[in-house]
Amino acid sequence: MEEVDAVVVGSGAGGAPVALTLARAGMKVLVLEKGPRYAPHDFLHDEIAMCRRDFFTPFVEDDPHTLRRSETENPTRTNAGWISRCVGGGTVHMSGFFLRFQPQDFARWPFDYAALAPYYDRVERELGVSGDESKNPNVAPRSGPYPYPPVLTHPIANKIDEAGAKLGMHPFPMPRAIVTESKNGRNACVYCPLCGSYGCEVGAKSSTLASLIPLAEATGRCEVRANAMVRRIEILRNGRAKGVVYFDSQDVERTVGAKIVVIAASAIESARLLLLSASERHPRGIGNERGQVGRNLCFSTLGRVRAQLPYADFGEELKAAMPFIGRAVQDFYGDGGTFHLLWEHPNPIHAAERLLRDGGRLVYGRELMDRMREHFTDGRAIEAECFSEWMPNDGCYVSLDDRVTDRWGLPCARITIARDPRDRERSALLVDKARALLEALGAKSIETLDVGGETFVLQHGTCRMGTDPTSSVTTPDGHVHGIDNLFVTDGGALPTSGAVPSTLTILANAYRIAERITAHA
Amino acid sequence: MESQDVAKLVPVSVGRRTFVIVGGASVIGAGTYAWLRRMGYEVDPALDARREPRSKSGPLPYEPFDPTALATLGALVDHLIPGDPSRNLPSAREAGVLDYLVAAAKAPGMSALRDEILKLTRHFDLSMKKTGETFEAAIAAAAADTGARAKFSPARALEATLRLSLEGYLGHPHYGGNRDASVWNALAIAMPREREMKH
């Protein structure tokens, strides 16, 4: 049997910081990643290949989740809940909106903001984050400026600043996981129009594939093994984790032993793996003696507003090719959360699909042509994305669906969704504020697309940290209660979702846990 | 001498009682299966586990549409996406959408969608022949069909065909549709024309 010091399951935001930290500490580290490893030339300017097939997320026939919106509803097969299945995980196709949680977000955490702040600094430095904290009066406390200057923005950003000032709002440059200067072997952003939902061909987007994984491999002590699907965690008779069993790229089952086992496969898939690892000793799944694994699932609550900026009103300047608007507002964080403005995604098929429905009626023919002409040629579509907290509740959880299996014959994850009414109230407040800002900007055809909706790619809570084993799965140090060498370091460990995209916090917490592992090793 | 093959053709008599029992059980079994599937149940998880992974299935080794289906499909996509000559906006067929649909239907893992499209073309052929209605009326009737939970739903198949056609109309010219990026040019869509990124 192959033996390493540490095996890390997953190479995204939860896995890569651990692999890097442990390798730097002298450990022999093996990272097992379910998906392939893409090279920069694999990232194409091609909506069909990148966004509409199985490049990042699997076909639902191969690797389904099932989803239901109440315990009495029949679950349906879906690919919702997959983030990304490749080396680098979701950080490869993320948009990289890298805001910190605010101190009040830690009220239900087993430690406070100050404990995580140094690791936020480390992420921003080692991954590469750009921004300008001076423009945000509500910025979370920080020790210094961002390591990279903010991304260049479209001229409309100045008009948004003016409109915001009239309303007493303070739009500020959205910090991005994008490097804006060429240094440390990384290329600066070239401002191509395709960023979110795509891989970055120049490595300017700070995915773990472009940043932390090369650093880990450069230590000579870290191997990243792609196309390795972990199916089970093995436990020794003394109760400690022994290693993992996985299918390799040829679907041959292999076992690797490790002194440290780190699970970072996403909040949903990590919970599934713990449940799939049931044994005589852990009949309900590892860490699930009190039925907590998979509980407290939180996504991020999303509100969306869309509006049109007509060329007739905004002039030729609006046609400038600059892809980023880069303006966010956190003036309503406590009551609502964070919203930011961005261009509608440039994917034309996706945009046209949105025009196919008028209520319940299918739109086609001449009417569809008119809608497309108006949408694409009369102006530019701007959107507001509103992020607010998803309150944990008993009705929202991950379990195994024994009736539906993946292509390896393993029960898939079943996602059961329930919402706390406060989610919608917070989202509605933010949506109202975003609409007001768009109105003040002079936008037309302002349309609320979603209030209190779901972002399935931001997922948390299923293995949450806590001091009480009856209400949590992992300790504040990140290991499963009662198994001191088995850690969960992805979004599943986060007790709450915060009211910003959580990727930066997942990375920071993974660094924090990794440092504790090395301190105790 | 009678050969074995011929012997197989000799009819075997079945008693009325056996016929009623076997026939009745078959009808009840088929009905239960159909009802469970319609309700969203996986009837046999073991069958599900043995299913060939979509990502590993191979491309279709023959043409997905016969000439009749292809003619109907061509007319259909031009009704769905007629273009606008006054703005140099090509129709679906002019933009190469039919080529795109043929290529897409041959691609690995597209069998379910291919079957839906084929059924839709047959549905249009039959309904126009039966009722004498125009293609426009047949499309409108299909779009308004409410049997979305039936095994074959014209409305669902029509929308799936339209969505796939939009891929051919607005997707990268690499796939045979959006010929010469004519649709992007006419709609001033600022997608990079080079598929490979060369920075």
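User: Which residues does Arg295(A) touch, not counting residues up to four places away in sequence?

Analyst: This is a predicted model. In it, Arg295(A) touches Asp394(A), Cys396(A), Tyr397(A), Gly461(A) and Thr462(A), with residues up to four places away in sequence left out of the list. Arg295(A) itself sits in the loop between α6 (267-276) and β10 of chain A. The C-alpha atoms of Arg295(A) and Met391(A) are 12 Å apart in space, while 96 residues separate the two in sequence.

User: Is Arg295(A) buried, partly exposed or exposed?

Analyst: Buried means under 20% relative accessible area and exposed means over 50%. Arg295(A) has 30% relative accessibility and therefore counts as partly exposed.

User: Tyr397(A) was in that list. Which side chain makes a polar contact with the side chain of Tyr397(A)?

Analyst: That of Arg68(A), at 3.0 Å. Arg68(A) belongs to strand β3 (residues 65-68) of chain A. Beyond four places in sequence, Arg68(A) touches residues including Glu73(A), Asn74(A), Pro75(A), Arg414(A) and Ile417(A).

User: How many salt bridges does the structure hold over all chains?

Analyst: There are 46. One of them joins the side chains of Asp5(A) and Lys259(A), at 2.8 Å from N to O. This pair links distant parts of the chain, with Asp5(A) in strand β1 and Lys259(A) in strand β9 of chain A, 254 residues apart. Asp5(A) is partly exposed because its relative accessibility is 21%, whereas Lys259(A), at 56%, counts as exposed.

User: Which residue forms a salt bridge with Arg272(A), and where do the two lie?

Analyst: The partner is Asp406(A), with N and O 2.8 Å apart. Asp406(A) counts as buried at 1% relative accessibility, and Arg272(A) counts as buried at 2%. Another case is Arg232(A) with Glu234(A), whose closest N and O atoms are 3.1 Å apart. Arg232(A) is partly exposed at 22% relative accessibility, and Glu234(A) is partly exposed with a relative accessible area of 22%.

User: Which residues are linked in a network of salt bridges?

Analyst: The network takes in Arg52(A), Arg53(A), Glu353(A) and Arg357(A) from chain A, together with Glu159(B), Arg163(B) and Glu167(B) from chain B.

User: Turning to strands, which strands pair with β1(A) in the parallel sense?

Analyst: In a regular strand the side chains alternate between the two faces of the sheet. Here, β1(A) (residues 2-9) runs parallel to β9(A) (residues 253-263), over 7 bridges. In that pairing, Val9(A) has Ile263(A) as its bridge partner. β1(A) also runs parallel to β2(A) (residues 29-32), joined by 4 bridges, with Val31(A) as the partner of Val8(A).

User: What do β1(A), helix α1 and β2(A) make?

Analyst: They make a right-handed β-α-β unit, in which helix α1 covers residues 16-24. Of the 9 residues of α1(A), 8 are buried, so the helix is largely enclosed by the rest of the structure. Ala16(A), Leu20(A) and Ala23(A) are among them. Gly26(A) follows α1(A) and has a positive phi, near 100°.

User: In what order do the strands of the open sheet of chain A run?

Analyst: The order is β5-β11-β12-β15-β10-β18, 6 strands with antiparallel pairing. β5 (172-173) and β18 (444-460) are the edge strands, each pairing on one side only. β10(A) (residues 298-310) and β18(A) share 8 bridges in the antiparallel sense; in β18(A), Asp450(A) is the bridge partner of Arg304(A).

User: How many helices and strands does chain B have?

Analyst: Chain B has 9 helices and 0 strands. Of its 199 residues, 36% are buried. Among its contacts between residues at least 6 apart in sequence, 62% join residues at least 24 apart.

Methods:
Residues are numbered from 1 along each chain as its sequence is written. Chains are lettered from A and ligands numbered from 1 in the order in which they are written. This is a predicted model: local features need pLDDT of at least 70, side-chain atom pairs count only at pLDDT 80 or more; totals for chains, interfaces and linings use all residues. Side-chain values use heavy atoms; hydrogens and water are left out. Two strands pair if DSSP finds at least two bridges between them. A crossover is right-handed if, with the strands pointing away from the viewer, the path from the first strand over the helix to the second runs clockwise. A polar contact is a pair of N or O atoms within 3.5 Å; within protein, one must be able to donate a hydrogen and the other to accept it, and residues adjacent in sequence count only if both atoms are side-chain atoms. Contact means heavy atoms within 4.5 Å. Buried means under 20% relative accessible area, exposed over 50%, partly exposed in between (1.4 Å probe, protein chains only). A salt bridge is a side-chain nitrogen of Lys or Arg within 4 Å of a carboxyl oxygen of Asp or Glu.
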